[in-house]
Amino acid sequence: MKTMLKTTAAAIALTVGASAAAAEEKLVLYHWFEYMPQEVLDKFTTETGIKVTMDTYDSNEAMLASLKAGGMGTYDLAVPGDYMVSIMAGEGLLDTIADGELANKGNIAPEWANPSFDPGRASSIPYQWGSTSFAVNRDTYDGDIQTTDILFNPPSELSGKINMLDSQGEVIAMASLHLGIPQCSTDREQLKALNALLQRAKQHWASFNSDTAKEVLVSGDAAVGQIYDGFAAKAREEGANVEYAYPTQGYIAWMDNVVLLKDAPNRGNALKFMDFLLQPENIALVTNYAQYNAGVTGVSSFLDPALAAQPEKNPHANAGEGVFIEVCDEQTQAVYDQIWTNLKK
Amino acid sequence: MATVNNDIKTYKGFRAITLLCLLVLYAPLVIVTIYSFNASASITNWEGLSFRWYADVFTGPESDKFKVAAFNSFTIAIMAATASTTIATLAATAMVRGGKFKLRTVSFGLISLPLMVPEIVTAVATLIFFNSIGFTRGYLTILVAHIAFCIPFAYLPISARMQGIEDSFEQAAMDLYATKRQAFTKVLMPLMAPGIISGFLLAFIVSLDDFIITNFVKGAGVETLPTAIFGSVKQGIKPNIMAISTMLLSFSIVMVTISYFVSKSDNTK
Amino acid sequence: MAAGAASGGSATTDTYKEARNWLLLPSWAVLGIFVLAPVCMMLVYSFLTKEFRGGVIWEPSLAAYDQFFFDRGLFGDEPAKIEWTYITIFWRSIWQAGAATLLSLVIGFPTAYFIATRPERVRPFWVFLITIPYWVNLLIRTVSMKFLLRDQGPLNDFLIGTGLIDSPIHIVNTNFAVQLGLFYSYLPFMVLPIYAAVERYNFSLSEAAADLYAPKWVTLRRIVLPAIKPGVIAGCILVFVPSMGSFLAPDLLGGAKNFMIGSLIEEQFKGNAGNWPFGAAASMILLTMVLIILLIFARQQSKAENAGS
């Protein structure tokens, strides 16, 4: 029955799809929400004649799930965070970029040219990098905010007014920093303590939402929000009196990367787009919009000078270390999944 | 019924509850309509009357996305409603005019299956199914899924109408040497028109409005209006979304009014 | 609704008896392949082994159901106890859906009754008033509701402005907000069947009761309500069933803090968890529960109809 259905489906697809296939050059991009200014896509279309279609997602995990559930072969490029690049490579979802296929590969900043999550940049190029911690509304609370206690053991003024990212990796990594335990721990006592901490902290939290992480701060619906640095800067520009914290216990560092997907329907165009994003003047447009940092040399002259001076970009002297999210093995991950379900039950 | 004293029928407080009900139903929409005319980019402050968000829907940075999404939504809804109404009409004829048969209950169960299965379950099941037969997600997967779950919505008004039509009309036609096919197309179908129209409209609107199943089976870059709107409202409701919602509301009121007059003209025949 | 339409079989004739199978073929094919087969396939998936981070391995396994019903501790090696996590989630969904159904009934019944007792000429107008908001997309309605109810939203501004309250009422991200969202999502499904039932109700029965000096509220409870029971039951099913599987209202209005069944299932396929067999198993359990509820209601319905005729 399977083959029969497949043949029927293919036949219908062929008859309907035939007319569309002959049409214009295109590129299908799978990207985070609010992370790619339309002007960059328009500029690419003007320069190359390739039309870009973009779908958005709100977490690395959602993107992976969608690709694994029949999304492969329909998208050309995706933009996973550091740890997700290794996961996707491990799952065999990434295509390899051969030497010489990217003319501008030399533009990648040296410190990002050989990252542990994609040695030798075999399948990816840098998109943006930044940090995740949290922002606090200074009208509501004027005490010390440079501590993860704000999220996990908040003062009474902030209790019940906290929005967390709806992302297992970022919530649990932050909690691990708070407890001072390693990520992907296999120590039972540490894991039990982590579970207990999240259970206790939950009563202080109002919501889990990544999509509205910025909006709840601007509208005043939340007084504390776990958030990315550039998003916090945008919230501040949109009128929220928020301060972005660099807790002494540490914060999360990340880099998002444009990856070439296996079975990309428009592989050639995808490479052109990657080359386009490696040109400093183009990636600078993204940085000026998203307010993070580019991983391309020569970008600084194209950046908005105000960006570098932002408080969100300049950790204070006592700030803890920025740590990347780690990939756990299957057994360890099962425990973390259980802790996450316990948190949301 | 007119002879019954109105005092016996009416209950104190029911009118108040009805008005409260309408208030709850309309307050959010009225607020959204008002704010769609807000000049400010922020949803929280009122900065005077403006049509800029309506212009933004057609010319703004997201306009291309919404135009394509609207095109997809309407073409899918028209095709899905046409196909499901046809299938439902044939099925209703068999169920209502096909005599008693063994598989009748089973057939009815199958037809009402999409109504009984919670939508999230249908969505997940369809995703798994398409995935395992290797049917790449895209425009076609949405269309096929919509045809399937629209069938019961088209079926219910059509079969209800057919049950209300005596078969003596067709019998009379056949007594006058009309073939069964002629009796079906020339006699039954015209009488069925109002039922078929409401079946079609119901299927159309259900397809146009569907989010959950579409969200699971849609493919790369293929958005319908609900999924495109969801992509935008997830980050908080924005003025251009309020403008779209107001236009959809107006469109709906026009559609409802038209269908009202269609059904009314039928009654006066 | 299912039972009501099925019992409408009295008007059948056999004019198109010979063509019957051909007429039914398209619906059998489409629904069989694209609804029934997928549900069966999901049943199969619920008994397979999960692939790490999404997908299945074609080896039979009871792990998904085991995970649902048995708790083996955080590390999976303690003796099995009853797992309360998912039962809690299911119970919460039932409770929320039940509360939303009750809210719909309390508001929807008087509304339906009121509309059905208007002069025949204006009734369609009232029905339109109820249904028009439902032509606007469910998402927009839910988000509008959230916009209205926010701490700094128009409702609180209005109440503070009029001096009724001093500080904002906190509604968003509470259970009540979810119930209100579900109520707002499915209200017409409650009103319309009750309206249809009241419209068919013979009011001379009420008059007879009044002649016998029955107080009006007693008449409502003892005479009207039993007569329109099938409509009320249909309305409750039509609100309860979709509320159980809903995930928009809990996500948008409830702050995604507590899973409902819908969000739990979605998370297995689109979120962090990526456990397909478990998502399939949870779907099958939800489906079984819904079918049992429908069966019970259908029984009630046919009993009520038999008693009525």
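A:A196 lies in helix α7 (residues 188-202) of chain A. Helices here are DSSP runs of H or I, at least four residues long, numbered from the N terminus. The model is predicted: local features need pLDDT of at least 70, side-chain atom pairs count only at pLDDT 80 or more, and totals for chains, interfaces and linings use all residues. Residues are numbered from 1 along each chain as its sequence is written, and side-chain values use heavy atoms, without hydrogens and water.

With a relative accessible area of 34%, A:A196 is partly exposed, a class between buried (under 20%) and exposed (over 50%), for a 1.4 Å probe and protein chains only. A:A175 is 21 residues from A:A196 in sequence. In space, their C-alpha atoms are 11 Å apart.

## Extent of the interface

Chain A puts 23 residues into the contact and chain B 21. Contact means heavy atoms within 4.5 Å. About 1800 Å² is buried between the two chains, and carbon and sulfur atoms give 59% of that area. Buried area is the accessible area (1.4 Å probe) lost on putting two parts together, summed over both.

One salt bridge is counted between chain B and chain A. A:D55 pairs with B:K218, with the closest N and O atoms 3.8 Å apart. The criterion is a side-chain nitrogen of Lys or Arg within 4 Å of a carboxyl oxygen of Asp or Glu.

On the side of chain B that touches chain A, helix α6 (residues 119-133) of chain B gives the most, with five residues.

Methods
Chains are lettered from A and ligands numbered from 1 in the order in which they are written. Helices (H or I, at least four residues) and strands (E, at least two) are DSSP runs, numbered from the N terminus.
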